[in-house]
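Let's take a friendly walk through a protein model, one feature at a time. Keep the structure open beside you as you read.

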Amino acid sequence: MYLPNKRPDNMERITTPALAEAFIEEQVKLIQEQVGDKKVLLALSGGVDSSVVAALLIKAIGKQLTCVHVNHGLLRKGEPEQVVQVFRDEMNANLVYVDAIDRFLGLLEGVAEPEAKRKIIGAEFIRVFEEEARKLEGIEFLAQGTIYPDITESDGVKAHHNVGGLPEDMQFELVEPVRLLYKDEVRVVGKALGLPDGMVFRQPFPGPGLGVRCTGAITRDRLEAVREADAIVREEIEKMDNLPWQYYVAIPDLKSTGVKDDKRYMGWAAIIRAVNTVDAVTAESVEIPWERLCVMRDRIIAEVPGINRVLWDISDKPVATIEWE
Ligand code: XMP
């Protein structure tokens, strides 16, 4: 551990590009001091925190960093492509892209219980990452996108974003350059590092990804429907003036009757959910204007095969949770 565990009382909140630049300059020096000419490994999900850490390390040590992006098949539409484009194509980083879709979906086949799904996804993620790490020679450091709330909130919901479960013989020294920052500061730093807005201002996304929004036993066709419908809802909601804190589509493992060309058939229901919250402990449903709901309904029905109903989830937390599982 290079930085202290507690944020110093006099540490200024990073709110401006100038403060972000100063932070970046300081961290680049610290990273270079800590790492020297050694190699660093980073699990790069494409979320804000790991992306900012990747960009900082690329600036500090360039190709001494290897980023591993594991595509478990549960990412949102366009996410894996964006990671490759930003980090490999634009930032010229060492990026190992692992297509582990079949592995994850194979293991998840027939598993309906939410916590069992989470466990499988978390454990397999570590296994895939470990396999990739073993292929690389001379790694001595592990970089992580730990942020200050992850340290202060012991039940941190992000626990399995972080690769904490590596075996004994793979305990690397940690590089955690944003560990004293709050989320809003990480975003200001990300912007100053030139990361795209779509990455920097991204809404929170759970580690098990779309897996908890394709409820019950995941099937490939329903998972694709979740991904496509979610992309439509994100696109339409992002036209609103005030973005909700989190907004997405879930498709439960449930079919209902529909009618098309005078024939009855069974289809899925796409459920739109948008919430605001401060700390995710409580949350309230966000009002979406009727016209926008109708646009989303029409697009989902026209563009996503298998869906014959669109619903709007207006539940608050409690008693509903933000995610469907
Ligand atoms: P719930 O559904 O419990 O979600 O109201 C609260 C917040 O946590 C996120 N969430 C998760 N994040 N792994 C994560 O990294 C998970 O298993 C997980 N489950 C829920 C959820 O998206 C919301 O922001």
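This is a predicted model: local features need pLDDT of at least 70, side-chain atom pairs count only at pLDDT 80 or more; totals for chains, interfaces and linings use all residues.

Tyr182 has a relative accessibility of 27%, so it counts as partly exposed.

How many aromatic pairs does the structure hold? There is one. Tyr148 and Tyr182 form this aromatic pair, with 5.6 Å from centre to centre. Their planes are 90 degrees apart, which makes the pair edge-to-face. The pair links distant parts of the chain, as its two residues are 34 residues apart. Tyr148 belongs to helix α6 (residues 148-152), whereas Tyr182 is in the loop between β5 (173-175) and α7 (183-192).

## Arginines to look for

The loop between β5 and α7 is also the place of Arg179. Is Arg179 buried or exposed? Arg179 is buried, with a relative accessible area of 6%. A polar atom of the Arg179 side chain lies 2.8 Å from the backbone oxygen of Pro4.

Arg76 lies over the face of Phe205, 4.0 Å from the ring centre. Arg213 has its charged end over the ring of Tyr248, at 3.9 Å from the centre of that ring.

## The nonpolar cores

In soluble globular proteins, nonpolar side chains tend to be buried together. Here, the largest nonpolar core has 47 residues. Which residues have the most contacts inside this core? They are Ile237, Ile251, Ile288, Ile300 and Ile307. Helix α9 (residues 220-237) gives the most to this core, with seven residues.

Leaving aside neighbours within four places in sequence, Ile288 is in contact with Ile237, Met240, Ile272, Ala274, Leu293, Met296 and Trp312. There is also a second, separate core of 40 residues, and Ile24, Val40, Val52 and Ala54 are among its members.

## A closer look at helix α9

Helix α9 has 18 residues. From its first C-alpha to its last, α9 reaches 25 Å, close to the 26 Å expected at 1.5 Å a residue.

How many of the 18 residues of α9 are buried? The number is 13, and the helix is mostly covered.

Technical notes. Residues are numbered from 1 along each chain as its sequence is written. Side-chain values use heavy atoms; hydrogens and water are left out. A nonpolar core is a set of buried Ala, Val, Leu, Ile, Met, Phe, Trp, Tyr and Cys residues joined through side-chain atoms within 4.5 Å. Buried means under 20% relative accessible area, exposed over 50%, partly exposed in between (1.4 Å probe, protein chains only). Helices (H or I, at least four residues) and strands (E, at least two) are DSSP runs, numbered from the N terminus. Contact means heavy atoms within 4.5 Å. Rings of Phe, Tyr and Trp (its six-membered ring) pair if their centres lie within 6.5 Å; planes under 30 degrees apart count as stacked, over 60 as edge-to-face and the rest as tilted. A charge sits over a ring if NZ of Lys or CZ of Arg is within 6 Å of the ring centre and within 35 degrees of the ring normal. A polar contact is a pair of N or O atoms within 3.5 Å; within protein, one must be able to donate a hydrogen and the other to accept it, and residues adjacent in sequence count only if both atoms are side-chain atoms. The expected span of a helix is 1.5 Å times one less than its number of residues.
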